[in-house]
Amino acid sequence: MSQFMKMKLSNIHFLVAYVLLISLFLSPQCCFADYDYIKISDPFLNKIPVAVPVFKSLSEESAGKEIPVTASDLVKEFLAFTGYFKMIDREAFLEDLQVKGITGPKINFDNWRDIGAELLITGGVTIKGDQLQIEFRLFDTFKSELLFGKRYKGRLDDQRKIVLRFCSEMVYRLTGKRGVFESMIAFVSTATGNKEVFTCEFDGYDVKQATQSKSLTLFPAWSPDGSSIAYTSYKNDKPEIFIKHLRDRTEKRISFDGINITPVWMSGKKQMGATLSFEGDEEIYLLTESGKIDKRLTKNWGIDVSPTFSPDDKMMAFVSNRFGSPQIFIQNLDTGAVRRLTYEGKYNTQPEWSPAGDRIVYSGMEKGQINIFVINTDGGDIKQLTRDAGSNESPSWSPDGSLIVFSSTRTGKSRIFVMTASGTDQRALLTLSGEQTDPAWSPSFKEY
Amino acid sequence: MKKSNICYKIGLVILMVGFLVTVSSCSKKKSRLDPMEAYPSETEISAAGEQGGDAVQTMTEEELEAQRIQEQEAVRIKEEARMNFVNDDVYFGFDDVTLTSSARMVLKQKVAWLRENPGASVLIEGHCDERGTEEYNIALGQRRAQSVKAFLINAGISASRLSSISYGEERPVDFGNNESAWGKNRRAHFKIQN
């Protein structure tokens, strides 16, 4: 089924791409900007139109009466978040499934094709006491057929989890990728008066304070299993690294003379990279999980900071000012060979290696403005993802590589924003008091 | 007799006022300075004041006043040197850790003060302007603090008296968004720790 869907979707993409190509030729003056920041085959540009009518109530219980509406709205919200889909306005619908029913034989697919829907999601809600059951069906309107159906049971307050399970399954079947809906985002907020680390779910839901340093706290980084966050804090009047286990609330400290900053885990091994200056020079070291130095990775007089490892842990990208201004370099961890990655601009920092391993996202400063860029690991295909919208910093990939979270001052104070990996659909993740910076997207928490 | 009695009373009042001023400036000083640095002469005068009579008569009012002013001046100069030490920051260029000639001039003053106050230990804070990114700026601020520390050590100040910290762009003195503000924020700042 998923194979079939992928074929079908790529057909849709071809069609849209073809139409777009023609319109490009018809208006040659409109495009070809400095960077080709959106590919014609880009799934985020060619969004799939989806219709999600209000779910049908299949029981007579008075409790949870709002769920058919709220659950169907959540489906729209979660699917729109991915950037892959375009939600069709319910005002345009020609057919009322509350009357006709939610199963295939009851649906007239012409009515959905006519309003441009390629996919149709129907839902039925059954409530018994505090038990909630939602059944979902995903239809291909052009083939007039059911792609898949799922029934989930839980408690009344599991509505969000149930909808997420379905959306995760649907996105997985359509794209072959999973993870965004099972992830969290850590960030720094000044809401308490001090900079502290907070966490929220992938969409900004359920904000929680993770640290109580009552001092400057920076640079959160998730462990590969998502159980811990490493961060830098000045709570002992100097920058030290702490590793906080989120559930146990236990904490380990890594502190050498000088600065101890920018911790980051390797993805496979239980090791971390971090910048330490106890030898009088800011260098990147490999640390064991207990905070002991395994080895020094960089050996160059000058600032070496902000390590990020390739998914196979064989390479490290980092920032160095060894040639004057800060630029991004890649080091082979086996041979120690170092090559320069970025040449455009005089100030390129904050690299993060993509989950697929082929791209590196970073922030670059030009004319006093900081923007987000992505580059191939061989230095080719640079794309600028943000422009003319304040200062944009600290990019971090979603676990499936489809989205990027970053901080932006485009609306005044620094806030957390999300965009697709091609720079489309830029929007604020959450609205909190104070300023928010340093977002870090977690790995996927597989079980919900 | 009556007149000299009045003179005596006036003298006493002046003495008392002088004493109070000395005590207040002394206590102010004590709260900020190492007790090791206190002036022995101040305690002598206070002791004489308490005993009354004899010692007072060996000094004229003018002499007392002059001494008081002189001591106040010494305290003021010392306090001023201390204030300058703390207030005069060392400034840097953008993304730069090298010491300019004016930075070196400021640092020579720091060396002089550190030599005059051998008991003082200091913290050198490295700071950056808001431009650039946080991670790099913390490293840059640390390097600025280290540049300053190296200069002081080369000038003969013991490394054991000097510690350093970087706050990156987190502690600006000027929140403006222009070169004048940025220039003030790219600094090494001194704090006396004891």
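A residue is buried if 20 or more other C-beta atoms lie within 10 Å of its own, exposed if 12 or fewer, and partly exposed in between, with C-beta atoms placed from the backbone. Helices (H or I, at least four residues) and strands (E, at least two) are DSSP runs numbered from the N terminus.

This is a predicted model, in which local features need pLDDT of at least 70 and side-chain atom pairs count only at pLDDT 80 or more, while totals for chains, interfaces and linings use all residues. Residues are numbered from 1 along each chain as its sequence is written, and chains are lettered from A and ligands numbered from 1 in the order in which they are written.

**Exercise 1. Work out how well covered helix 6 of chain B is, and what this helix gives to the contact with chain A.**

Step 1: start with burial. Helix 6 of chain B is mostly covered, with 17 of its 21 residues buried.

Step 2: check the length. The expected span of a helix is 1.5 Å times one less than its number of residues. For the 21 residues of helix 6 of chain B that gives 30 Å, and the end C-alpha atoms are 30 Å apart, so the two agree. Just past the helix, B:Gly156 has a positive phi of about 100 degrees.

Step 3: go to the interface. Two residues are in contact if their C-beta atoms, placed from the backbone, lie within 7 Å. Chain B puts in 16 residues and chain A puts in 27 residues. On the chain B side, the elements giving two or more residues are helix 6 (134–154) and strand 3 (162–168). Helix 6 of chain B gives the most, nine residues.

Step 4: sort that side by class. Ala, Val, Leu, Ile, Met, Phe, Trp, Tyr, Cys and Pro count as nonpolar, Asp, Glu, Lys and Arg as charged, and the others, Gly among them, as polar. The side of chain B that touches chain A then splits into five nonpolar, five polar and six charged residues.

**Exercise 2. Find where the two domains of chain A meet.**

Step 1: domain 1 of chain A brings seven residues to the contact and domain 2 of chain A brings nine residues. Helix 2 (67–82) and helix 5 (159–175) of chain A each supply at least two residues of the domain 1 side. That side has four nonpolar, three polar and no charged residues.

Step 2: look at helix 2 of chain A. Its buried residues include A:Phe78, A:Phe81 and A:Thr82, and the elements that its buried residues pack against include strand 4 (119–128), strand 5 (131–140) and helix 5 of chain A.

Step 3: finish with A:Val180, in the loop between helix 5 and strand 7 (184–189) of chain A. A:Val180 counts as buried because it has 25 C-beta neighbours inside 10 Å. Beyond four places in sequence, its contacts include A:Thr82, A:Phe202 and A:Leu403.

**Exercise 3. Decide where in chain A to be careful about pLDDT.**

Step 1: pLDDT is the predictor's confidence in each residue, from 0 to 100. Chain A has a mean pLDDT of 89, with 90% of its residues at 70 or more.

Step 2: over residues 1–40 of chain A, pLDDT stays under 50. Where pLDDT is low, the predicted coordinates should not be read in detail.

Note on methods. Domain bounds come from an automatic or database domain assignment.
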